[in-house]
Amino acid sequence: MAKNRIRVGVIFGGRSGEHEISLRSARSIMDAIDKDKYDVLPIGITKEGQWIAGGDPMRTLTSGEPSAGPAALLGEPGDSTLKAIEPVNETSRSLTDIATIDVFFPVLHGPFGEDGTVQGLLELADVPYVGSGVAGSAVGMDKVLFKAVMQAHHIPVLPYQLVLRSEWEENREAVLERVMAALDFPVFVKPANLGSSVGVTKARDREQLADALDEAARYDRRLLVERGISAREIEVSVLGNEHPVASVPGEVIPGDEFYSYKDKYLDDKAKLLIPAPLDERLTEQVRELAVASFKAIDAAGLARCDFLLDRETGELWMNEINTIPGFTSISMYPKLWEASGIPYPELIDRLIQLALERHADKKRSKTTYEPES
Ligand SMILES: Nc1ncnc2c1ncn2[C@@H]1O[C@H](COP(=O)(O)OP(=O)(O)O)[C@@H](O)[C@H]1O
Ligand SMILES: [Mg+2]
């Protein structure tokens, strides 16, 4: 029996500001996964980026106790064995096999995990993994690239301006003039590649805009300034590979002025309404747009698609896509599936199966080419 179980390498922690959120999501997944079918090998990544495994990396990451050691995946095609790295002497280290992984489940939010970087390593190793590939992850992470792709697919996004940190530092006046000529206040300023509302500020005048750009520039070299609206926040979960399906929509009622970091993780005042109280037409529209945006960025496995519904005009705007959304058992992504008929443990099961299917499908592509002479 035990021999037939699929070994899942759950990867959590990581170098992003969302490290702690990742631990929460991973803990929930490891608790709920079907243990008759899957064997979990927990793999932690420290805030410095060191992979640790071979013991209880969750304990090491939460309490600092050294209960797991340095580990690595080499990124060589066909080698999905996680190695323990042990010092031999001052100049050399040895690698010992910990376990061979059948499928990886990256539960990493934000940069260095949700953005295609870890996916790149898993591609090099040629192993199945849950979620989007390199391009889908990278485009889903970068809010500016994402908007450009949405525009190319005629999916409505709020008007915006890209500001490079370098140009902001070189000529603040010119940037302020350009942004204010293009957009009316209020605006939202965000780092292009982050999540959890870190570095996101609402600006109502020129001075606040400058402060907001300074704040976002602490986190990224690409900054997004966007028209700010008074909006309802509607979210839809998408599941699948090439034939993705959408859940019922949910609505977030922020407890703060907007859905800030504090509101998401600290205050516990935000409310989730599932399903979102929308009429049938809007419900269908958000579900269709969610699937369309998922396909447009070549996402795979899962993604949560977040919309802003203008309270005044009724216009629906695609705001962002999260290719590794919060995944605790009480997070929006799994809650929406629960309300749509897929309980949490079954959702985990489906995601792993989708990972295996996608890898098998990719294997059908030739990797060599012999031109006819
Ligand atoms: N253009 C906007 N108009 C109104 N509110 C916005 C706008 N952009 C962002 N927000 C608010 O800020 C929150 C975080 O922004 P978001 O783009 O979702 O970034 P993150 O990836 O950090 O979640 C949103 O959930 C919403 O409450
Ligand atoms: Mg968001």
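Predicted model: local features only at pLDDT ≥ 70, side-chain atom pairs only at ≥ 80, totals over all residues.
The chain is assigned three domains: domain 1 (2-129), domain 2 (140-156 + 229-361) and domain 3 (160-227). Between the C-alpha centres of domain 1 and domain 2 the distance is 26 Å. The contact of these two domains draws on 20 residues from domain 1 and 16 residues from domain 2. On the side of domain 1 that touches domain 2, α1 (19-32) and β7 (103-107) each contribute at least two residues, and α1 provides the largest share, six residues. By class, this side of domain 1 comprises twelve nonpolar, three polar and five charged residues.

The buried residues of α1 are His19, Ile21, Ser22, Leu23, Arg24, Ser25, Ala26, Ser28 and Ile29. These buried residues pack against β1 (6-13), α2 (57-63), β7, α9 (261-266) and α12 (344-363).

The largest nonpolar core has 78 residues, of which Ile11, Phe105, Val107 and Val238 touch the most other members. Because domain 1 (2-129) and domain 2 (140-156 + 229-361) both give residues to this core, it lies between them. A second, separate core contains 21 residues, among them Val179, Ala203, Ala212 and Val225. Around Val107, residues up to four places away in sequence being left out, the contacts are Val10, Ile11, Phe12, Ser22, Ser25, Ala26, Ile29, Ile324 and Phe327.

Apart from neighbours within four places in sequence, Gly301 is in contact with Val130, Gly131, Ser132, Asn241, Leu351, Leu354 and Ala355. Gly301 and Phe105 are separated by 196 residues in sequence, while their C-alpha atoms are 11 Å apart in space.

Several backbone features occur in loops. Phe185 and Pro186 are joined by a cis peptide bond with omega of about -5 degrees, and Pro186 is placed in the loop between α7 (172-182) and β9. Another cis peptide bond runs from Ile274 to Pro275, with omega near -10 degrees; Pro275 belongs to the loop between β15 (271-273) and α10 (280-296).

Phe112, although not a glycine, has a phi of about 60 degrees and is located in the loop between β7 and α3 (117-125). With 15 C-beta neighbours inside 10 Å, Phe112 counts as partly exposed. For Asp298, also a residue other than glycine, phi is near 55 degrees. Asp298 lies in the loop between α10 and β16, and its 16 C-beta neighbours inside 10 Å make it count as partly exposed.

Note on methods:
Residues numbered from 1 in each chain as written. Chains lettered and ligands numbered in written order. Core = buried A, V, L, I, M, F, W, Y, C linked by C-beta atoms within 7 Å. Buried ≥ 20, exposed ≤ 12 C-beta atoms within 10 Å, placed from the backbone. Domains from an automatic or database assignment. Contact = placed C-beta atoms within 7 Å. Helix = DSSP H or I, 4+ residues; strand = E, 2+ residues; numbered from the N terminus. Nonpolar A, V, L, I, M, F, W, Y, C, P; charged D, E, K, R; others polar.
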